[in-house]
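Welcome! Here is a short tour of one structure, taken a piece at a time.

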Amino acid sequence: MRIDMHAHYFPTRYLDKLEACGSTFTPIARGLGAGDAPGEMDKRLALMDATGVDMQLLSATPQLPAFDNAADAIDSARLANDLYADLIARHPGRFAGLATTPLPHGEAAAAELSRAMDDLGLLGASIGTQVAHRTLGDPSFDPLWAELNRRKAILYIHASGEDAASPLIADHNLRWVVGAPFEDTIGLLHFMSSGVVTRYPNIKVLVAHLGGPLPFLAQRIDDNRPYWQHSFPELPTEAWKKMWWDAANFHKPALRCAVDTFGADRIGLPLHPGRHVPAGQVLHRRSRAGGGGRKEHPRTQRQRPPRPVRPGRLAVGTV
């Protein structure tokens, strides 16, 4: 079975709810083919079939209800999860889902995760790289981490699309070109340097976009570990080999770097909706992941992302 680990679903009712609660971020999620407007689901299923994708693991990132008002955050998260469960029930075997939670409200987030997993059958949670201007190391998020850890569930970390809080990105239209991948790196390092990975080792961490520039910076990050060694006892590069990564990057040299850094068995190869033919060719031919003329394939044919999502051959995805 081929499972797409990086797939978004933005139901119209959910986006409307976010707008009603004050979000101005939803226009980018409309009209992408990732919602439930007439014809969108048929096109999604047709693309899945055309690219050999059996199932998608859906998440609502980065459209998350990070509202200061707890009631708005909770109601929005519940709606998203109910709509996900409805879609999954209508298309048996084609979709699985990750829960939306009402962070920054930690206790409420843990409670909604429990409902989403126990009552709706979702498989974990998705989260942005910052939540209401708080890092993933914020101690108020500990109830959610504890519940994910107790359940040995998936946590999908995806760029928030907030320009890494930098005007150098925001003021120059670089949000998705540069900002998002750097958010993946920064968010994960916040998550690690605050000790979350050490305190909650059973969370199955899945990171978007190859972790941004993380593989390229691996040695530099290891070398500077003394600055945060008290929070994390092992080398970051060793910890990363226990996580999973989707390859929504589409640049072969970047993939080779990630394979060398994380291990081929930790990486899924996604397909971009607008570039699915070229990306698909990578899935079905042996690529030169090594040097010296030796052919190496990043072993995606035996890829296993975090349980309970278990593709038998490889993982693909959309951004």
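## Where two helices meet

Gly106, Glu107, Ala109, Ala110, Leu113, Ser114, Met117 and Asp118 in α4 touch Pro143, Leu144, Glu147, Leu148 and Arg151 in α5, where contact means heavy atoms within 4.5 Å. This contact of α4 with α5 is made up of seven nonpolar, two polar and four charged residues. Here Ala, Val, Leu, Ile, Met, Phe, Trp, Tyr, Cys and Pro count as nonpolar, Asp, Glu, Lys and Arg as charged, and the others, Gly among them, as polar.

Helix α4 spans residues 106-118 and helix α5 residues 142-151; they pack at about 30 degrees, with axes 7 Å apart. So α4 is roughly parallel to α5 (angles under 35 degrees count as such). Axes are lines fitted to C-alpha atoms over the stretch in contact, and angles run from 0 to 180 degrees between N-to-C directions.

## A note on the model

This is a predicted model, in which local features need pLDDT of at least 70 and side-chain atom pairs count only at 80 or more, while totals for chains, interfaces and linings use all residues. Residues are numbered from 1 along each chain as its sequence is written, and side-chain values use heavy atoms, leaving out hydrogens and water.

## Strands side by side

Strands β7 (residues 154-158) and β8 (residues 204-207) pair in the parallel sense over four bridges; pairing requires that DSSP finds at least two bridges. Ile154 sits opposite Lys204 in β8.

Strand β8 also runs parallel to β9 (residues 244-246), joined by two bridges, and Val207 is opposite Trp245 in β9. Helices (H or I, at least four residues) and strands (E, at least two) are DSSP runs, numbered from the N terminus.

How values were computed:
Angles under 35 degrees count as roughly parallel, over 145 as roughly antiparallel, 65 to 115 as roughly perpendicular and the rest as oblique.
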